[in-house]
Amino acid sequence: MDLYYSVSNFIWSDSFWFPEKYSWKDLENKPGGIYHPQFTDLLVPFPTALCLFFIRCIFERFISNPLGLWLGVKATIEKPSFRNDQLEAAYNDTKQPDHTIIQALSKQSDLTIRQIERWFRQRRNQDRSSQLTKFSECSWRFTFYASAFIGGIVVLYDKAWFWDTKHCWYDYPHQHISADIYWYYMIEMAFYWSLMMSQFQDVQRKDFWEMLIHHCVTLMLIFFSWINNMVRIGTLVLCIHDAVDPFLEAAKMAKYASMQKVCDVLFGLFALIWFITRMIIYPARMINSSLLESSYIIGHFHSIYLFNALLCLLLVLHTIWFYLILIGAYRAIKTGKVQKDERSEEEDEDEDEMSEEIGDTSRSKSHSKINGAK
């Protein structure tokens, strides 16, 4: 218990959260004075997140789903062409049977290996979400990210720190939180809480854990920047992140709607804007300001070390994702079109199915020619 109290006292001490000569008393609000962030403000995003969740449900049902159907997005998943209890039992044991299991099932069921492989592929696709579900999720994220970015620009355009990051640290911690900045922060935090809540029921993506870490780091950054009034640098980080995401979501929507050329253009813009905003502007302006400018203007203190570590962790995630984006861009150039988003979920294996059918057709033609030759 002594260790717990020692750690707790250190974490909530003035020296941990603030530079020298400042304390929690400096963030107390007084009538007629400037508004400082309060710890109780962090409760506001929770009911706001529930509101966003309900808005999303209404949006997907009455806007994105009808839009997807109008664009011809598939609403159903292809089911196996026949039902087989024996294969279903094997599927419950393993969804990815190896060649030995498939051979044994072939002997037991009098089905060819190709028929069994196709059945398992179709059965796996049946467990996946439909293209329409994916389209609707992307539509919601596109709508929020685009609105948040435009709203962020409107809110920050007349702020001095938007143009000169040194103003993020002038007069710290006595910096007024205006109503527009307050709600910009609360809504952004609420959205990431809603993503955390829906992360486990949305379409499972192969970058699930990376996204979960990203959401946690983002929420921690928002929390830390709010609790000790580093809100100015926090608004810049949020705005720069919202700039690129609409292009990714729009590209995926175009892919699901079979608008390949539109998808290719949007993916190219997405890759370019990602590189500019997250690989150049983010480290050059935001991380540089938090690491260097802050130390020159307000000095060093413990919480900013943690804040900077989280900023750098985000940059590591950006670098990993940019590597995957480059792989997707290379494949797009090589094949002439965007195949799939390397950051995102595995798509239905329609192309594999088609290539398999082409292979079956070519083999049957070869057999016919051989038999004819005989």
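**Labels and what backs them**

Mentor: Start with Pro-19, which sits in the loop between α2 (14-17) and α3 (45-70). Helices here are DSSP runs of H or I with at least four residues, strands are E runs of at least two, and both are numbered from the N terminus. This is a predicted model, where local features need pLDDT of at least 70 and side-chain atom pairs count only at pLDDT 80 or more, while totals for chains, interfaces and linings use all residues. Residues are numbered from 1 along each chain as its sequence is written, and side-chain values use heavy atoms, with hydrogens and water left out.

Trainee: What makes Pro-19 buried or exposed?

Mentor: Buried means under 20% relative accessible area, exposed means over 50%, and partly exposed is in between (1.4 Å probe, protein chains only). Pro-19 has 5%, so Pro-19 is buried.

Trainee: And which residues is Pro-19 in contact with, leaving aside its neighbours within four places in sequence?

Mentor: Contact means heavy atoms within 4.5 Å. By that test Pro-19, with those neighbours set aside, touches Tyr-172, Ile-298 and Phe-301. The C-alpha atoms of Pro-19 and Ser-295 are 9.9 Å apart, although 276 residues separate the two along the chain.

Trainee: How do you know that the bond from Tyr-172 to Pro-173 is cis or trans?

Mentor: Look at omega: it is near 0° for that peptide bond, and the bond is cis. Pro-173 belongs to the loop between α8 and α9 (179-198).

Trainee: What makes Lys-159 count as buried or exposed?

Mentor: Its relative accessibility is 11%, so Lys-159 counts as buried. You'll find Lys-159 in the loop between α7 and α8 (160-163). Apart from neighbours within four places in sequence, Lys-159 contacts Ser-178, Asp-180 and Ile-181.

Trainee: On to the helices. How are two packed helices described?

Mentor: By the angle between their axes and the distance between the axes. The axes are lines fitted to C-alpha atoms, for helices over the stretch in contact, and angles run from 0 to 180 degrees between N-to-C directions. Under 35 degrees counts as roughly parallel, over 145 as roughly antiparallel, 65 to 115 as roughly perpendicular, and the rest as oblique.

Trainee: At what angle do α7 (residues 131-156) and α11 (residues 231-242) cross?

Mentor: Roughly 140°, with the axes coming within 8 Å. That makes α7 oblique to α11. The contact has seven nonpolar residues, two polar and one charged. Nonpolar here covers Ala, Val, Leu, Ile, Met, Phe, Trp, Tyr, Cys and Pro, charged covers Asp, Glu, Lys and Arg, and the others, Gly among them, are polar.

Trainee: What is the hand of the crossing where α7 passes α11?

Mentor: Left-handed. A crossing gets that name if the near helix is turned anticlockwise from the far one by less than a right angle, and right-handed if clockwise.

Trainee: What angle do α7 and α9 pack at?

Mentor: About 160°, with the axes 10 Å apart. That makes α7 roughly antiparallel to α9. By class, this contact has eleven nonpolar, one polar and two charged residues. Among the α7 residues that meet α9 are Trp-140, Phe-144 and Val-155.

Trainee: Where do α13 (residues 260-297) and α14 (residues 302-335) fall on that scale?

Mentor: Their axes cross at roughly 160° and come within 10 Å, and α13 and α14 are therefore roughly antiparallel to each other. Their contact divides into 20 nonpolar, six polar and one charged.

Trainee: How many helices and strands are in the chain?

Mentor: The chain has 15 helices and zero strands. Of its 374 residues, 48% are buried.
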